[in-house]
Amino acid sequence: MHEIKDIGNRKLRKPIAVGIVGSGPISTERHIPGFQKLRRETRIEAVCDMNENLAKKTADQFGIPRSFGTLSEMLKSCDLDIVDVCVPPRAHKAVANQAMESGCHVLVEKPIAISEAECDEMIRASEKYGVKLSVVHNQIFYPPYVKAQELVNSGKVGKFAGMRVINFTHQKGYLKNMNHWIHKLPGGVVEESGPHAIYMSLPFIGRVHDISATPTKILSYPWVSFDTCSIDLKGANGSSSIIISHAGDYFATEVDLFGTKGMIRLDLQSMLLDVQQRRSLEYTTLATTSIKTSVRMGTGVLSNAVSSMLGKSFLGHDVIIQRFVDCVRDDSPPPVSLEEAKETTRVMEKISSLCAQFSLEASRPRASLSHNSSLPLVQNGMSPHEPPIDSKHGE
Ligand SMILES: NC(=O)c1ccc[n+]([C@@H]2O[C@H](COP(=O)([O-])OP(=O)(O)OC[C@H]3O[C@@H](n4cnc5c(N)ncnc54)[C@H](O)[C@@H]3O)[C@@H](O)[C@H]2O)c1
């Protein structure tokens, strides 16, 4: 039973009633467990999935009272405070807006939307219906990333000079599955992993004014035009050089931040941070800095191994879900601002359109690119042989 509580001019159930849309892996491995960890504050009332059998199976697995085949049925049958959107990106806007129209606060998996225009519509809906809206940018809550922001802001590595992001995803999850929805996104696999690299760059480089992308096809899956992409973002405060790839048989998420007095290296899968400030190439300096790095790595690895063995691995999703619940309950700002969500979408939309242009070029007989060919593109959509028009000023 829910007790109804007044929050400002809105009513909120206690515990807060949650409905989950989508029963895929991100829902069952992160979102449902995340809300269920907050048992005293929230209760998952229902789950819906267009695959109704899957929704029913998920409800049974997690002890969720009700399951539905459509969002409309779920909204009609349940009194919900929060709708959590875990469906593919093309459906985010429609699902989120329908939930907001029904008066629900909405948390959306990344990317919030696939275009800036869609994002604007969602922001307008959240304002019109007076509900909270946020997106899961989980990696900015990873402890080494948070620590790196503190270090850069405190001047530990001098003046920020730029950054590099590497994001490798194992081919088995997405690339190998020819029917996966990511192959229907204009930016393909890059549109799936790209948002993480972009939202991690924004706090350091500021508003992006120049974007270039070089998609490359390394493997030969016929349904894939490119599986790898190097991206350069130039922002108000610096630049970010990004490599996204789904062509490997391993995972890697690494961020390097360069300053005038040193650099910070992050391994966001091992949750490790290292600061390097090698002042000379003398043998003694090399030895000392190497020892310091090994000690830092050793301590980090040990503490991560212990946390993993105790089943206490850190999950950015847990932090976002907790903070989203807090913001709904306290009427405070959401964990990820809509400005950040919108800027990430704006940049990703440009990159996706460059990637789509590459697919088009690759499919033309003239181009007939071999599987390891690449073609650098610039954001104004011109061929690489033509000088970009005022590419300095971006859009
Ligand atoms: N933050 C992260 O680290 C991370 C990781 C993986 C996926 N994601 C994101 O999570 C989202 C979902 O990914 P996934 O891998 O679970 O996808 P998935 O395709 O495996 O699962 C999505 C489920 O949603 C259902 N669905 C689709 N449209 C629907 C609709 N309109 N109404 C109801 N159900 C609908 C599908 O039947 C499917 O079961 C995507 O936006 C993806 O980018 C984020």
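This is a predicted model: local features need pLDDT of at least 70, side-chain atom pairs count only at pLDDT 80 or more; totals for chains, interfaces and linings use all residues.
The protein chain contains 10 helices and 16 strands. Of its 395 residues, 41% count as buried. When contacts in the protein chain between residues at least 6 apart in sequence are considered, 68% of them join residues at least 24 apart.

The largest nonpolar core comprises 92 residues, of which V21, V85, A96, A99, V106 and I351 touch the most other members. Helix 7, spanning residues 188–205, gives the most to this core, contributing nine residues. At least three core residues are drawn from each of domain 1 (3–136) and domain 2 (140–328 + 337–379). For I351, one of the core residues with the most contacts to other members, the partners beyond four places in sequence are G187, V190, G194, I211, A213 and I231. Of these partners, V190 and G194 carry numbers that fall in the range of helix 7 (residues 188–205).

The shell around the ligand consists of 25 residues, and those that come nearest are G22, G24, I26, V87 and E109. By class, this shell is made up of 15 nonpolar, six polar and four charged residues. Its largest share, three residues, is supplied by helix 1 (residues 25–36).

Helix 1 has 12 residues. From its first C-alpha to its last, helix 1 reaches 16 Å, close to the 16 Å expected at 1.5 Å a residue. The buried residues of this helix are S27, R30, H31, I32, G34 and F35. Their packing partners include three strands, namely strand 3 (16–21), strand 4 (42–48) and strand 6 (82–85). The buried residues of helix 1 also pack against helix 2 (52–62) and helix 9 (316–330).

V152 lies in helix 6, which covers residues 143–153. This residue counts as buried because 20 C-beta neighbours fall inside 10 Å, and 20 is the number at which a residue is classed as buried. Leaving aside neighbours within four places in sequence, V152 is in contact with V157, F160, F204, L257 and G259.

N179 is exposed, because 7 other C-beta atoms lie within 10 Å and the limit for an exposed residue is 12 or fewer. In sequence N179 is 44 residues from W223, and the C-alpha atoms of the pair are 9.0 Å apart.

I182, by contrast, counts as buried, with 20 C-beta neighbours inside 10 Å. Not counting residues up to four places away in sequence, I182 touches Y174, G188, V189, E191 and E192. The C-alpha atoms of I182 and E192 are separated by 6.6 Å, and the two residues are 10 apart along the chain.

Terms used: Residues are numbered from 1 along each chain as its sequence is written. A nonpolar core is a set of buried Ala, Val, Leu, Ile, Met, Phe, Trp, Tyr and Cys residues joined through C-beta atoms within 7 Å. Helices (H or I, at least four residues) and strands (E, at least two) are DSSP runs, numbered from the N terminus. Domain bounds come from an automatic or database domain assignment. Two residues are in contact if their C-beta atoms, placed from the backbone, lie within 7 Å. A residue is near a molecule or strand if its C-beta atom, placed from the backbone, lies within 6 Å of it. Ala, Val, Leu, Ile, Met, Phe, Trp, Tyr, Cys and Pro count as nonpolar, Asp, Glu, Lys and Arg as charged, and the others, Gly among them, as polar. The expected span of a helix is 1.5 Å times one less than its number of residues.
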